[in-house]
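Here is a short briefing to read alongside the model. Please keep the viewer open and follow the points as they come.

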Amino acid sequence: TFRPGQWVDLYIPEENIVGGYSITSTPLCLVTAGTIDLAIQYSTHPPAHWMHTKCKVADELSIQVGGDFYYAPSSPGDERELLLVAGGMGINPLFSILQHQAHTHPSRKVKLLFVAKTTSSLLFKDQLERLCANRDSIEVQYFVTREVPSNPNINTHRITREDLTQAVAMLDLKKLSCFVCGPPPMTENVIQCLRDVGVSQNCIQCEKWW
């Protein structure tokens with residue numbers, strides 16, 4: 001099994017290069033359906049290229065779960081509220097964490113701040129909106145940096161200190177766990193802002209991608 005937020009290494013028989021990809025589904029999906037979901041962007045990187053151009057149903061490959069960026073299974077008395085901050089493809093592990101929280105503890109608050117270049121780059125937007133529609137405990141704010149979207153609910157700037165301050169204020173600081181995933185400059189800035197508004201370093205987990 002795996003924990004929400006972890007990734008897998010893909011070992012493809014005809015490729016010597018290992019591909020590492022975040023799992024976007026939940027452990028429950030693995031138990032009930034026997035599947036895991038991966039979001040693999042098309043590229044010339046051999047593992048990704050193989051998955052997009054050669055992979056077929058019933059092809060066999062080996063996987064290994066890894067990573068220490070994850071949301072640990074909670075104890076019965078765990079009342080954590082979550083602040084998730086995603087930049088671009090950094091949404092992948094956070095989508096797994098958000099779904100896990102929504103399915104296992106639907107009344108606990110989750111706040112997601114998600115920034116991407118364009119509206120079309122806001123991965124899982126439809127699924128996120130369905131989750132929000134069914135649960136008052138989940139709120140998502142979208143940000144884009146390279147277009148002016150027709151949707152007035154999408155912000156047209158990067159995530160700012162003010163955005164983070166407002167997000168933290170909506171949650172219980174004593175119960176707060178923060179997960180940040182995105183490009184290194186964004187991740188470092190978000191962590192510093194969270195520390196400045198009183199979030200303990202022990203309550204922040206981050207994963208940077210390049």
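T53 is partly exposed, with a relative accessible area of 42%, on a scale where buried means under 20% relative accessible area, exposed over 50% and partly exposed in between (1.4 Å probe, protein chains only). T53 sits in helix α2; helices (H or I, at least four residues) and strands (E, at least two) are DSSP runs, numbered from the N terminus. Between the C-alpha atoms of T53 and G87, 34 residues apart along the chain, the separation is 27 Å.

This is a predicted model, in which local features need pLDDT of at least 70, side-chain atom pairs count only at pLDDT 80 or more, and totals for chains, interfaces and linings use all residues. Residues are numbered from 1 along each chain as its sequence is written, and side-chain values use heavy atoms, with hydrogens and water left out.

**The protein as a whole**

- The secondary structure comprises 6 helices and 9 strands.
- The radius of gyration is 17 Å, which agrees with the value near 17 Å for a compact globule of 210 residues; this radius is taken over C-alpha atoms, and the globule rule is 2.2 Å times the number of residues to the power 0.38.
- Of the 210 residues, 45% count as buried.
- Among contacts (heavy atoms within 4.5 Å) with a separation of 6 or more, 70% come from residues 24 or more positions apart.
- The accessible surface is about 11,100 Å², and 50% of this area belongs to carbon and sulfur atoms; the areas come from the Shrake-Rupley method with a 1.4 Å probe, and for residues only the protein chains shown count as cover.
- There are 18 positive and 21 negative side chains, with the centres of the two sets 4 Å apart. Lys and Arg count as positive and Asp and Glu as negative, while His and the chain ends are not counted; each charge is placed at NZ of Lys, CZ of Arg, CG of Asp or CD of Glu.

- The buried residues of α6 include P184, M186, T187 and V190, along with I191, C193 and L194.
- These buried residues pack against the strands β4 (81-87), β5 (110-116), β8 (176-182) and β9 (204-208), and against α5 (161-169).
- Just after α6 comes G198, with a positive phi of about 105 degrees.
- C206 belongs to strand β9 and counts as partly exposed at 36% relative accessibility.
- Beyond residues up to four places away in sequence, C206 touches F69, V180, T187 and I191.
- C206 and L84 are 122 residues apart in sequence, yet their C-alpha atoms are 9.9 Å apart in space.

**Buried positions in strands and a helix**

- L83, in strand β4, is buried with a relative accessible area of 0%.
- Setting aside neighbours within four places in sequence, L83 is in contact with K111, A167, V168, L171, L176, S177, C178, F179 and L194.
- From L83 to T104, 21 residues apart in sequence, the C-alpha to C-alpha distance is 17 Å.
- F143, in strand β6 (residues 138-144), is buried with a relative accessible area of 0%.
- The residues that F143 touches, not counting those up to four places away in sequence, include L113, F114, V115, A116, I154, H157 and D163.
- H157 is 14 residues from F143 along the chain, and their C-alpha atoms are separated by 6.0 Å.
- N92, in helix α3 (residues 91-104), counts as buried at 4% relative accessibility.
- Apart from neighbours within four places in sequence, N92 is in contact with S22, I23, T24, A39, L123 and F124.

**Positive phi outside glycine**

- A58 has a positive phi of about 85 degrees although it is not a glycine. A58 lies in the loop between α2 (46-53) and β3 (62-66) and counts as exposed, at 71% relative accessibility.
- F124, also not a glycine, has a positive phi of about 65 degrees. F124 is placed in the loop between β5 and α4 (125-134) and counts as buried, at 16% relative accessibility.
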